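Visitor: I would like to look at a structure with you, one residue at a time. Please bring it up.

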Amino acid sequence: MAERDAEVGFKKETVSKLLSGFFKEDRTRLSGDAVLLMTELLRIFVQEAAVRSQKQAESEDCDLVDIEHFEKILPQLLLDF
């Protein structure tokens, strides 16, 4: 049970490299606080997507969450974020 409650997240280095890849100028810098904030936002976004997909699957009497469940919740999820 303890393994199920373990917190899963993104590595700060990975998020930093992803964000830096979208910068148009090489001189643009990313602060540590911005990376931490984006990491937390991504964690919450993915967690919310998983919960909503699970609820969608339950509403359709499915035992397994499939990509179709995710696709159904995606438009509203994007609007909420």
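Predicted model: local features only at pLDDT ≥ 70, side-chain atom pairs only at ≥ 80, totals over all residues.

Visitor: Which residues does Thr-39 touch, not counting residues up to four places away in sequence?
Guide: Start with the rule: two residues are in contact when heavy atoms lie within 4.5 Å. Neighbours up to four places away in sequence are left out here.

Visitor: Is Thr-39 buried or exposed?
Guide: Relative accessible area decides: under 20% is buried, over 50% is exposed, and in between is partly exposed (1.4 Å probe, protein chains only). Thr-39 is in helix H2. Its relative accessibility is 11%, so Thr-39 counts as buried.

Visitor: How many helices and strands does the protein chain hold?
Guide: Both are DSSP runs, numbered from the N terminus: helices are H or I with at least four residues, strands are E with at least two. Along the sequence, the pattern reads α-α-α. The count is 3 helices and 0 strands.

Visitor: What is the radius of gyration of the protein chain?
Guide: This radius is taken over C-alpha atoms, and the globule rule is 2.2 Å times the number of residues to the power 0.38. For 81 residues the rule gives 12 Å. The chain is well over that, so it is more spread out than a compact globule. Its radius is 16 Å.

Visitor: How many of the 81 residues count as buried, as a percentage?
Guide: The C-alpha trace spans about 50 × 35 × 15 Å along its principal axes. Of the 81 residues, the buried share is 12%.

Visitor: Which helix do the buried residues of H3 pack against?
Guide: The buried residues of H3 are His-69, Ile-73 and Leu-77. Take Leu-77, with a relative accessible area of 0%. Leaving aside neighbours within four places, Leu-77 is in contact with Phe-45, Glu-48, Ala-49 and Arg-52. The helix that the buried residues of H3 pack against is H2.

Visitor: Which residues is Ser-53 in contact with, leaving aside its neighbours within four places in sequence?
Guide: Ser-53 is in helix H2. Its relative accessible area is 4%, so Ser-53 is buried. Its contacts are Val-65, His-69, Phe-70 and Ile-73.

Visitor: Where in H3 does the kink of about 45° lie?
Guide: The bend at a residue is the angle between axes fitted to the seven residues ending there and the seven starting there. The kink comes shortly before the proline Pro-75.

Visitor: How far apart in space are Leu-74 and Ser-53, C-alpha to C-alpha?
Guide: Along the sequence they are 21 residues apart. In space, C-alpha to C-alpha, the distance is 8.7 Å.

Visitor: What type is the pair formed by the rings of Phe-45 and Phe-81?
Guide: Rings of Phe, Tyr and Trp (its six-membered ring) pair if their centres lie within 6.5 Å; planes under 30 degrees apart count as stacked, over 60 as edge-to-face, the rest as tilted. The structure holds 1 aromatic pair. Its centres are 5.0 Å apart and its planes stand at 80°, so the type is edge-to-face.

Visitor: How many residues apart are Phe-45 and Phe-81?
Guide: Phe-45 sits in helix H2 (residues 32-59), and Phe-81 in the segment after helix H3 (67-80). The pair links distant parts of the chain, with a separation in residues of 36.

Visitor: What is phi of Asp-61 near?
Guide: Most residues other than glycine have a negative phi. Asp-61, in the loop between H2 and H3, has a positive one. Its phi is near 55°.

Technical notes:
Residues numbered from 1 in each chain as written. Heavy atoms only, no water.
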